[in-house]
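The sequence and structure are shown first.

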Amino acid sequence: MREYIIRRLLLFIPSLLGVSLVIFVLMRLVPGDIAEILVYSAGSEQATVAKAQIAKIRQELGLDQPIAVQYVLWLKNILQGNFGHSYIEDRPVWNMLREWFPRTMELAILTLLLATLWAVPLGVVSAVKQDRWPDYLCRSLSISGLSVPIFFSGVLILFVLVRYFQWLPPLEYVSLWEDPSRNLQKIIWPALAQAFYISAPITRLTRSQLLEVIREDYVRTARSKGLIEQLVIYRHALKNALLPVVTFTGWWVGRLLGGIVVMEIIFQVPGMGMGLITSVNNRDYPTVQAIVFVMAGIFLLLNLIVDLLYAWLDPRIKYA
Amino acid sequence: METRIAPSRAQRTEREDSREEIRSGWEETWSVLRRFPRRQPLGAIGGILVALMVFFAIFAPLLAPFDPKAARFDTYLPPGGDFLFGTDHLGRDVLSRVIWGARLSLYVGLTSVGVGITLGSLWGVVTGFFGGPWDAASQRVVDTLMAFPPIILALGLMAVLGQSVENVILTLTVLLTPTAARTIRSTTLGVKEMMYVEAGRATGSPSRRVIARHIIPNVMATYLVLFSVNIAYAIVVEAALSFLGLGAPPDEPSWGGMLTGATEYLERAPWIAIFPGVALSLSVFGLNLFGDAVRDLLDPKLRGTGAG
């Protein structure tokens, strides 16, 4: 067990290095030099000015150095918390990340909270009333959730709000600490749309796990000692059934990151996803590079946590 | 995976094993497919939806009343009259764009999954069969590619490659290949331990022959499952990329692209967003049902592995 944890922790480092290498190579594949793109997209077309500027930016970015040196320099900078400088916004990328990150996390956490709050009870109902109408209802709800792509359900939510309630979420983003109610009025909709989507697999898993556990001997024992049904389900069965659900949900959070980008765009939440799209459109490559790296880092970290959680929650599992 | 496949095969009796050898993997696959509609009613419903989508995709030039790219009508015309689904913000016929959208979605889905899953499967079969340091190295490559949140990797790639349908296909291929390589490799590891493979090797068949005659027919079921399950996924990712303005160029009739900016004129012309959205959802729904059924039939062990 301890060996497994250590090995799993050590695996994190080469994975992160691999990810950073892919991102670095990817950003070097951009046609033309980043410095050129920066200057030309900024609009200074006069050749002489541009040339001087390009040379200056190249030097600043270390683009006149060999590729390998550039990579090491970039890594070193990241380790020191220096994610580069955005020429479009003209400020350190780190400052922007610090602004965007909490908003994205708030959205992610709220999504997950709503999804589990809704999905787990639905799965329990589905399992307890197996093959009766509540079960069919729950199952068709969850299948439909999986089939509507989140950007469409997001648009539909907006449509219903506008058309039938003549109401739009506030345009400006206010942080949760400043004005919780205004913040929630904006954040709740993207969270709901995505929660509906990810709740589908959680419901299905909860149902199938609970159905399996209900047939175990210890549940029969609990019943035969005369415990009331609710106690049997909630105290005995559910605890064990939820184990894979927990890890599965953790694994889903990683995939949630992609959806969050879409949600932030539809509902105009100025988080990392919106930052990513804006900087891609502006060809702000230092920022793109930083955001992709941070998101991949979060993803890896989540996978690590899920794996460790699994080992901790279920001691029966042996890791060879 | 491999540990779960091996014992269940070993538990079978010898007679079953020999029968399985006579009925090659291909024949078994075929007979399973023939029993499909009766055993999987939901899958058959999915199949009908998929068939509809394929029909619209093939006959789009005949079925679409107008040129999907021509912006030559009044803007924001509501559904009805000449324009069954109305016109969009540039004066294009929404119905024509929805019909051609089926073709674009299917084209992107089939080519990217075809190339990605096939390449990945070959990669998985070869590395799984030979093992050794190349296998270990290639596993690290797979690890690295799978260490990215898929959509984020796709967005990064599209940012570098630029907007075009071909680049979407390329990006999707990069996303799908490692998944297929990983799954098929583990299946190959299981098949490799079978007696008939050992026998083939013992009689001196060259590796190429063993792979072609014994390994590939036996990973075929997994391959087909990966194929059917991932088409819906590829279509959704294409739509999402196009929606974000980083997939198909705006004049291409992509269902996702048609939803772009829909929020701006949602109040005025909801039909611009709703028709392509419904078409996309129905297609994905059909493909999901169909893919699930194919998976249940061909390889129940893959259930819940998140292969899609």
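Which residues touch the most other members of the largest nonpolar core? In this predicted model, that core holds 160 residues, and Val262(A), Met295(A), Ala296(A), Leu155(B) and Ala240(B) are those that touch the most other members. Helix H12(B) supplies the largest share of the core, 21 residues. In general terms, nonpolar side chains tend to be buried together in soluble globular proteins.

Between the two chains, 36 residues of chain A are in contact with 33 residues of chain B.

| Helix of chain B | Residues |
|---|---|
| H8 | 132–146 |
| H9 | 150–161 |
| H12 | 207–243 |
| H14 | 271–298 |

The largest share of this side, eight residues, comes from H9(B). By class, the side of chain B that touches chain A comprises 24 nonpolar, six polar and three charged residues.

A separate point concerns Asn77(A), which lies in helix H4 of chain A, spanning residues 67–79. Is Asn77(A) buried, exposed or partly exposed? Asn77(A) counts as partly exposed because it has 13 C-beta neighbours inside 10 Å, whereas a buried residue would need 20 or more and an exposed one 12 or fewer. Asn77(A) and Ser181(A) are separated by 104 residues in sequence, and their C-alpha atoms are 39 Å apart in space.

Conventions:
Residues numbered from 1 in each chain as written. Chains lettered and ligands numbered in written order. Predicted model: local features only at pLDDT ≥ 70, side-chain atom pairs only at ≥ 80, totals over all residues. Contact = placed C-beta atoms within 7 Å. Helix = DSSP H or I, 4+ residues; strand = E, 2+ residues; numbered from the N terminus. Nonpolar A, V, L, I, M, F, W, Y, C, P; charged D, E, K, R; others polar. Core = buried A, V, L, I, M, F, W, Y, C linked by C-beta atoms within 7 Å.
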